[in-house]
Each structure stands twice: as structure tokens, then as C-alpha cells.
Amino acid sequence: MALEQMRPISRRYDVHEHEAPREWIDYFWRHGRSGAAGIEYGGDSDGMVQICVQAEQLCWGDAALYLRMPTPALGGSAVAAAGTPEQKARFLAGFRGDGPPVWGAMAITEANAGSDAAAIQTTARLDGDEWVLNGTKIFCTSGESASQAEGGFVVVWATLDKSAGRGGIKSFVVPARTPGMKLIGLEKKLGIRASDTATLVFEECRIPKENLLGRAEVKKQDPQKAGDKGFKGAMATFDASRPIVAAMAVGVGSASLEFTIEELARQGVAIRYDAPRVERTAIERDVIEMEAELQSARLLTWRAAWMMNKGRPNSLEASMAKAKAGLSVTRITQKAVELLGPPGYSQKLLVEKWMRDAKINDIYEGTQQINQLIVARRILDYSSSVLR
Amino acid sequence: MIDFEPSDEQRLIVETVRQFAASEVRPRARECAEARKLPDDVLARAHELGLVANALPSATGGGGERSAITSALIAEELAWGDLAIAIAILSPSLVALPVADFGTPEQQRAWLPRYTADRFVPGALALVEPSFHFDAFRPATTARPDADGFVLDGEKCFVPWLPGDDGVLVIAAEQGAAQAFWVPRDAAGLEVAPERNMGLDALPTVELRLRGVRVPASARLGGARGADVASLVNRGRVALAAAAVGVARAAFELARDYAKQRQAFGAPIATKQAIAFKLAEMAIEIDGARLLAWEAADRLDRGLPALREAAIAQHQAQRIALDVADGAVQVFGGHGYIRDYLPEMHLRNARGFACFEALSLV
């Protein structure tokens, strides 16, 4: 699928940024759901390692087209992490049917709230049997598809009480085409251009009371220990999503590294793993370094996923994998452009695109720095108030 | 399809070795380095754990539990205690494992039982050569066949030379292909010069000069079939990768604990991101390198080609060991530079991984 369906259209949708890749969406909806990425539906964590392996392989094909696949995506992870069985059944139904393609999305980021998710300003208030949402969300991956195509949904993070900090933050499922949810823009990006990154505005946007994920109760004292599925549940989404993003990064990295090694071989440069140190060329050293970094990232990723399969807490390992994969693949893809010289920089090859695509993995789902912070807190046994 | 967890049995071994490293090895590390002498009592007690014997064939008195992964786990734990003492404890494997892998039945019967007996008997493998052009797979040392055996010529270095041993397994090229030959310590033409290196202070090592050293045909490991020296090189790389992870972990833990205790500007320095992020990076790299070593070891255990994986694991582990040890010295600041503390020793030991080969085997 990656080789035959994704690669041939990779460049086209990089150039035509806001055009929907119809042939890919339709192909995936017809053939991909039950097969390759089918296990993402239902959103449980049984097959995390498998999900990561598939994410890697599909992102080897094209990371942006992977993101554009009609799936519940992060919205699905949020529902799976914090939703009731009834909510899971209700919101994920559209992804199983014979209807047209459907997307899920997660809207967290705001202009002034990125990694500091507790600073979000979007509000929710209860009015009778409905929640009323007001605010603006940016950088919402698949936000166009999820908000416009009937049957999809956007999970929106909003606060019930700004004075309660993170304790007041809850996530709400807003079905596609709900009045009051408006798509006001699509970003123009460095890479992953086939993926729609939307700005969504919520103006008196009303959703049923049953669309809150977790409980409505606001815990002011110690929200982390309150056992509430609100903020904690939302954060738990990252334990599942970070290994997937790490796997996506590894996929882009392996595309780039594999191509580089093949191209070098074609030019008569083979990598000798048994050459003595002093005889290793600079290129051999670079490639061995790239392979070590990539494999290290891949194994950390699989470990984090494997722990999730076993039902073990994996926040530390998920952040380790994400931090390692994001940074090492950024460097690997940059090195690949350098090693291949002028053709590497040219748009005749995809190597330059992979470099642009790779960089996002070191930013979204928690930047390099926020993941380092999480790892540091864990290994030092410090709370977020001690190590800020 | 994939597993990231040692078996129950392996976990038990790790727990035992970890305790041994913490209570017996680590407390002696500095004293032994300063005295440039191994702790004989620790080597004797380590021998009682049967770490090497357990991997040897049961036919010759061993435990028959050969596993590169288990050996890698052991190497990491012991190296966490102290690299020099770890290499000494595991030194019997430098001869015993090649003999177990490639020795003729007669060689196995003659050489292996001493490693499973009550008394600790060390081992020595001479692979590395004191040359800028050293090539582990194509040694410059030669073995020339003659009427009733072989004549060896060349130079070797980083050869562990513990008291209580009587010979050394020398890797030499015989008509271009690397082979292993047992050379007695008192062989005519063998010159032995003690080394002093940057690190591994407690471990006695020597430089060997072989000038027309004659050995009988029976000294050739594996008899007429010979030995697969490339496999020994790969096994050495995996062992050293695991040991490098152990050194890195030791340095990291020292830095972590020190950073939590050391106060500056009214708070532990670990609460500063400059320090905390450095520690986070260390932790990530250590776990990544460990997984690379395990993957290479797993391939060895499954009989798959492991040249690439071993080279990658070695490359990564030696690089991160140096980075982490250097980072630990930095976190300790001035104290890191002082020999009252361990980080400077880890830094000196870690640098060695760039030029060590086959100082330990899995």
C-alpha cells in the first residue's frame, strides 16, 4: 500500500497543498480499514506494537497521506482513553459503516496554549442539557476533514472554570457540522502538506450533555490525584499517541536512510560494517551513525508500545521514544539531503520532502523539550511544581 | 513476535549479579584502581556464582545455559559495579567460550574443565594490535604453517594478563584468514610488556610481542576445521556494548543522585532544566543503546548474521558511554574531576570502548 498507493502521489499532494487526495482517501476507505490500519478502529491498546509497525510502514510511504487517512485518529484515542462504552460505540460508529469516509480529530492547541495545555482559554458552560463551547483552536490535524465530513467528530479541550487550572479542563466531542463550529483557515506548512491543519472557531457551539468525556466535576485541590478522567484522561491519550508519532518519525527516517543507502550503493559506495575504524570513510561513519540512531529510536518506540500492550504504565517510555525518534529522525533526514548532494536538495527526489516532513515529529504531540521535561521529572521523581 | 523483558530466570540472574555488583564490586572499585590491583577475594566469590561456567557445555561440567542475552545482562550489571573488575570476573569466557564454540572434542575435554572447577582460573584473548591500522577481522599478526605446527609473528595489546593463568589465545592470520592459537605464557619468542592505560587501572594488561613463536598443530583452535574468528569479534562487540551500557548507567545514576542532593541558588541543581534535560537525554540514550545490544545478542542466540547489528550496537554504546560519563563529570562540576568521586574513572574507562575489542565475550 505504501509503495503502490502512497509513493506515486507523494509529490503531487506536497505541491498541491490544500487539495484533498481523493484517490488515496477512497482507496483507504475501501481497502485499508479492515486491513492494514483496521485495528485502529475501536481504539483499544491491544495491538499497539502492531499499530506502531503499521504507522512506520505507512509513513515510509508518506507521512502526510498517513495523517490524511479517514480514521478516528487522535480523536479516537481520546474517546478510547476517557470515553464510556456507550460513547465509544456512538462516536466510532461512522467509521465502521458503508457510508462515505469519516475523520476524527483532536483540538487542543490555542494561540497561547501549546505544550502548556492547562492554559487553554476555550470555555464550556452547561446550559440545560447542552454544553456551550466558545473559543478558537489552531493546529488541528485533520480539522478540516473531521469538522466537515458527516459522521466525523472533533474532540475539543475546554475549561469549565479558568480559576481551577488544569482541574477545570475537560474534553468534549463535537460532531462534524455542528452549528457554531467553523473552519476559518488551513495552515501552509514546511512539510506534511497533504495533511489538513485547521483553525476552528467555536461560537456558542452547542453539543449534547452526553458528549463530555469523563466527569463534569471540577477538582480544585489536586487534580492529578483526583482520579478524574478529565484532564488525566486527556493526558493519557499521549501515552498511546506518542509511540505512534515516534513510529511515524521512524517510518520517515527509514524511507530516507534506505533510499540513501540504495543510492550510495548504486554509485558504488557500499557500507562496510567490518572495516577497521581508520578505513571507514566519512560517509560510512555517517550511515552507521544514522542506522544506530534510527534503530535505537525504533526499539524505544516498540518498547513503549509493548508496555501498553501489557497494560503497564508507559508515560516515561512513551516520552523517551517520542523525544528520541523526533530528534534523531530530524537529524537523519537532514543528513540524507547532505549526503546525496545536489540531487538530494532537488525536488526530483523525495529526500528533501522527507526532511521537511520529518521535522514536525519533533514538535507535535509534545515537543522535544516537553518530552525531555516529562522524562526528567520521572527519572528524578520530581513533580511538575518542583521541576517546571 | 517481540519481547522487551528478560525471562524469569534471567531476571533472577540479573538480580543476583546486581546485588553482587553493588555490595562486592562497586565498594572496591576506587581502592583497586588506585592500587592497580584486582581484588582476589571478589574474583573468587564471583566465581562461586558460576556466571561463566553456567554458559559452558554440560558435557564438560558446565551449566549448558549458553545465551548471549544472558551474558549481555551479566556484563552490564558487573560493568555497572566496575569495568576493570567486571572484565576480570568474566575473563575465563575469553578462552572458554571460543573453545566451547569451535574447539575439537579433545580441546574441549582438555581445556574446559578448569573453568568449571572450584578455583577461579582467568582467561586471556589476544586480538587487538597496537596499530593505527588495526583490523579486528584481518589481523596483521601471522601464523605460518611449518612441519609440525605453526610459527606466530606479530604484536598484540590490551591482553588481560591475570595471575594464575598459563597461556593466551592469540588471533593470527593464517594464509589471510584469522584463526586462534593457544600460546603458553612461557613460549620461546613471546615477549610480555605490562601496560599502563588511561583507564581500567585495576586490570593487569600486557602488550605481547611474538617473534617466531612455535606452537604445535594441536594449538590451533578447532583443529583442521579451525574457528570462526569473525563470530568471536561480533560476540566481543556485543559484550562490550553491554558493558558500555553498564558504565553509562553507573555514571548516569551518580550524576542523577548528586544533582538531587547538590544545592545551588537555594535549590537542588536537578531542578534546573539545564541539568534535568541533560539527565533525561542520558536516560534515553542508555535505554536505546541497551536495546541495540539486546537485539544484536538476540540475533547471535538465534544464529542469524549479526555483523551489522553488533557493529551498530558497539558504535552507539561506546559513543553514549563517553557522552554520559563526560556529562556525569560535568554535573559533578569540580568534584567530578577529583578522584575521591567516581565520575572521572567512568570517563577514563568509557573512552577505552572506542579501541577495545574482545575484552569480553557473550
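## The surroundings of A:G366

Not counting residues up to four places away in sequence, A:G366 touches A:S115, A:F238, A:R242, A:K322 and A:N371, where two residues are in contact if their C-beta atoms, placed from the backbone, lie within 7 Å. This is a predicted model, in which local features need pLDDT of at least 70 and side-chain atom pairs count only at pLDDT 80 or more, while totals for chains, interfaces and linings use all residues. Residues are numbered from 1 along each chain as its sequence is written, and chains are lettered from A and ligands numbered from 1 in the order in which they are written.

A:G366 sits in the loop between α10 (351–359) and α11 (368–380) of chain A; helices (H or I, at least four residues) and strands (E, at least two) are DSSP runs, numbered from the N terminus. A:G366 is buried because 24 other C-beta atoms lie within 10 Å, the cut-offs being 20 or more such atoms for buried, 12 or fewer for exposed, and partly exposed in between, with C-beta atoms placed from the backbone. The C-alpha atom of A:G366 is separated by 8.5 Å from that of A:S319, which is 47 residues away along the chain.

## Helix α8 of chain A

Of the 28 residues in α8(A), 21 are buried, so that the helix is mostly covered. After α8(A) comes A:G311, with a positive phi near 75°.

## Chain A as a whole

Chain A contains 11 helices and eight strands, and its C-alpha trace spans about 75 × 50 × 35 Å along its principal axes. The radius of gyration of chain A is 21 Å, in agreement with the value near 21 Å for a compact globule of 388 residues; this radius is taken over C-alpha atoms, and the globule rule is 2.2 Å times the number of residues to the power 0.38.

Buried residues account for 54% of the 388 residues in chain A. Of the contacts in chain A between residues at least 6 apart in sequence, 75% join residues at least 24 apart.

## The interface with chain B

At the interface, 27 residues of chain A are in contact with 31 residues of chain B. On the chain B side, α8 (229–261), α9 (273–301) and α10 (307–332) each supply at least two residues, and α9(B) gives the most, with 13 residues.
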